[in-house]
Every structure is written in C-alpha cells, then in structure tokens.
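Take a moment with the sequence and the model below.

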Amino acid sequence: MLRPLIYAAAVLGWASVAAADPLPSWTQTETKLAIIDFVESVTDPAGDTYVTPADRIAVFDNDGTLWGEQPVYFQLIYALDRLKQKSESDPSILSSDTLKAAAAGDLGTVAAGGTEALLEVLAVSHSGMSVSEFQDDVRAWLDEARHPTTGMRYDRMIYQPMLELLSYLRDEGFQTWIVSGGGVHFIRAFAEEAYNIPPEQVMGSAGPTEYKDGQVMKLPGIDFVDDKEGKPVGIDSRIGKRPIFAGGNSDGDFEMLEYTTAGDGPRFGLLVHHTDADREFAYDRDGHIGVLKRGLDEGPGRGWVIVDMANDWEQVWPE
C-alpha cells in the first residue's frame, strides 16, 4: 500500500520512495493520507470497497478550487476588460448605470447590483459573437492580462496540489470533470491546457445560443446557473451517474458534495479552505467571493475533508 511507503519516505528521507509520491506538493498530514487511503480503497480489486473504473467519477468546482478567485472571479475581470474595450469604440452600449460603473472598473457598484447586474455585464461583454470567436478572445485575454496583486497570468494561478490530485485520480482510472458556476464556454477555452480536462468534461453556467451560418452564436441572457442545487442537476443531466469524489471550496459547492456523498458505497467530499494569506488569500465566512460557512460547520460531521491550505499544501502555484 502507498500510504506506509509515503510515511516512511517522510520520516526516513528515502528519495526513491518519495519519488513515487503522487501528491508531492501536499504535506504529510492526515488530509493527504485520507485522499490516498480512499483512492487505494476504491481501486484495489481484492477489497470490499472496490469501484469499477466506469463508476470512478470525480467532480471539481473551478473558481477557488482549481484556480484563484480573488479579488473577484477571473471571468468577471475578463468581462469588465472587454466591456471597457467595446465601449471605447461604441459608448452607446453603456446604456445603464451598472454598465457605466463596470466599464469604469467600479466593482463595488456591480457587486451591489447582485446577479441582475452581473448578468447585464455578461450580456453585453459575452454576446454577439460565435462560441469559437469568444473562446479565441478568452485565450487572447489570458495571454495579455495579469492579476492585479500577483502579476501572474490568470491561467498560471492554478493550484499545484490540485493539479497533482487531478493527475493522481486519472492515473487510477477516474474521470475528472469540472462542475463550475462560471461560464462553460469561458472555462472550456483553457481547461484542457491548464488541467488536462477536455472540453466535453466541463460543465458550467450557460447562456442561450443559436445556430447561424455554420456557427453557434452566443446570445444575451442566461439559460442555466451551474451553482448550488444546479450542480447536482447538471451532473445528473450530463454525466448520468452519481460521482464518488467531489471537490469544492465554498457553500456554492455544498449541494454537489452532499449529492456525491449521499450515495451508497465509498464516497469522498473535499473542501479547500483558504487559510494562507501569505502565499495566496485567507477568507471563508464573510465577503462576496468564496463564502464558506455551512461547509465549515457541517462538513466534518458529514465526513468531508477540509483542506487547510496553509498547513496541507507545501506549494501553492506551479513553478
């Protein structure tokens, strides 16, 4: 079994054994060992808890779970950048106080407007182009944009420990899916390169589209919000099987973890708790992004593993 070998490597410094560690950026805590114990238990054909590869489904939130989400969701930063760019050539598109505030970078006003304000910004910044054009534009933005405090590319602000977890699960016969409240077309633009997750295994919120002259066009509005109770609904619709592993970071992921761990047989729920103000950001119960209250209060009693970023991760970003 891998667990005792990793423990021995940590204690004795066996380089050859440590090289076999599937999660080298995770510290030698009970969190890491719980993950390895679970994976070994469901992949051992001789064990009572063996799960066939066809049923090894793992689902992950994106914002705050696989990549950063502060000071606001990265997709919103993209939307604001593109709204400002569009308004410079056509000021008439700023037809409301919300849109004027967004173009000016006034995040406070946009946030105060709630979902309605956000949808208004997305309707103008994301629509009126084909899906292919939109995704090309997202990739161009990722090439040029930089995070306001770290100075990093947004698609480099992905969590090295979670990349290792995704790879470890796939090596052990799992399918890894993204189930995000973010826009499905936005995430599909970079998910394969960033996470080695193909676009057909990405679920997210989606607006209306239409087919026209050989292209699928993006229209204003919203058809499906892949958040909270929407996540299990989307999983059932797209995957058709209950996952056995779910990872998130906020109360928006609660229902996804609840749905996953309510099934029969071995189950694993994981919540990333942002506790590291030095290397990343520290936040949980308060704020407008990544609020984690119910998960902290109820998760341990449900058997979910709470990842303490400051203590459980040796490294945050890829080198």
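A pocket here is an open set of grid points with protein on both sides within 12 Å along at least five of seven lines, and its lining residues have an atom within 4 Å of a point. Keep in mind that this is a predicted model.

Start with the second largest pocket. It holds about 210 Å³ of space. Which residues line the second largest pocket? They are R139, L142, D143, R153, D155, R156, I158, L163, A189, F190, E193 and A194. By class, this lining splits into six nonpolar and six charged residues, with no polar ones. Two helices each supply at least two residues of the lining: helix 8, spanning 131-144, and helix 11, spanning 191-195. Helix 8 gives the largest share, three residues.

Now turn to the helix pair. Two packed helices are described by the angle between their axes and the distance between the axes. Helix 3 covers residues 30-43, and helix 9 covers residues 160-171. Their packing angle is about 15 degrees, and their axes lie 11 Å apart. Angles under 35 degrees count as roughly parallel, so helix 3 and helix 9 are roughly parallel to each other. The crossing of helix 3 past helix 9 is right-handed.

Which residues meet where helix 3 and helix 9 touch? Helix 3 brings I35, I36, V39 and E40. Helix 9 answers with L165, Y168 and L169. This contact has six nonpolar residues, one charged residue and no polar ones.

Notes: Residues numbered from 1 in each chain as written. Predicted model: local features only at pLDDT ≥ 70, side-chain atom pairs only at ≥ 80, totals over all residues. Heavy atoms only, no water. 1 Å grid on protein atoms, 1.4 Å probe; cavity = no way out; pocket = protein on both sides within 12 Å on 5 of 7 lines; lining within 4 Å. Points joined across faces, edges and corners; volume = space filled by probe spheres on them. Helix = DSSP H or I, 4+ residues; strand = E, 2+ residues; numbered from the N terminus. Nonpolar A, V, L, I, M, F, W, Y, C, P; charged D, E, K, R; others polar. Axes fitted to C-alpha atoms, helices over the stretch in contact; angles between N-to-C directions. Parallel < 35°, antiparallel > 145°, perpendicular 65-115°, else oblique. Left-handed = near helix turned anticlockwise from the far one by under 90°. Contact = heavy atoms within 4.5 Å.
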